[in-house]
Amino acid sequence: MDIKDNYRGSLSFKWFIENEQKIDLCPENYQRCFVWSKDKQQELLRTIFDSKPGLVPEIHVRNYNRPISNSSKIGIIAELMDGQQRLTTMFNFLKNDIKTPRKLEFEQVDGVFVDISDKFINELPKEAYDFYINYSLQVAFYTDIND
């Protein structure tokens with residue numbers, strides 16, 4: 001994981017995909033279980049595909065200098081402090097667990113709008129898929145802070 005100590009800035013969702021096994025998305029000490037309804041998840045997807053920057057709140061991650069080595073968390077080097085509902089939703093879509101909402105269009109680079117309503121990620125046009133994978137999230141990393 002190539003993150004500077006106490007980094008704050010943009011990271012693509014692709015970065016989270018590449019590092020998913022190293023991040024504890026639901027630390028049991030302080031994170032609630034995933035509770036968002038299907039409608040709430042689809043509204044996040046609408047926000048992302050409407051491509052209005054700054055509407056997805058910042059993600060907060062605790063970064064460790066050394067991987068955790070206890071038996072239940074071997075190799076974990078970061079944990080999600082805030083943003084679990086958002087990131088879990090994004091992973092749910094990536095895993096074809098939810099579809100895009102109804103009445104959703106995606107504006108391609110050439111300015112043409114395509115209908116991406118009620119689709120799983122594997123049904124999206126390549127440009128919309130690439131946009132999603134590379135969607136820029138604002139992220140704040142905090143190094144070695146305690147509970």
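In what order do the 5 strands of the open sheet lie? The order is S1-S7-S3-S4-S2, with mixed pairing; strands here are DSSP runs of E of at least two residues and helices are runs of H or I of at least four, numbered from the N terminus, and two strands pair if DSSP finds at least two bridges between them. Strand S1 (8–12) and strand S2 (23–24) each have a single partner strand and stand at the edges, so one side of each lacks a neighbour in the sheet.

The model is a predicted one, in which local features need pLDDT of at least 70 and side-chain atom pairs count only at pLDDT 80 or more, while totals for chains, interfaces and linings use all residues. Residues are numbered from 1 along each chain as its sequence is written, and side-chain values use heavy atoms, without hydrogens and water.

Ser12 has Ser136 in S7 as its bridge partner. In the segment before S1 sits Asn6, which is exposed (over 50% relative accessible area, with a 1.4 Å probe and protein chains only; under 20% is buried, and in between is partly exposed), at 52%. Beyond its neighbours within four places in sequence, Asn6 is in contact (heavy atoms within 4.5 Å) with Phe141, Tyr142 and Thr143.

A second residue to look for is Thr100, in the loop between helix H3 and strand S5 (105–107). Thr100 is buried, its relative accessible area being 0%. Residues touching Thr100, apart from those up to four places away in sequence, include Gln42, Phe93 and Leu124.
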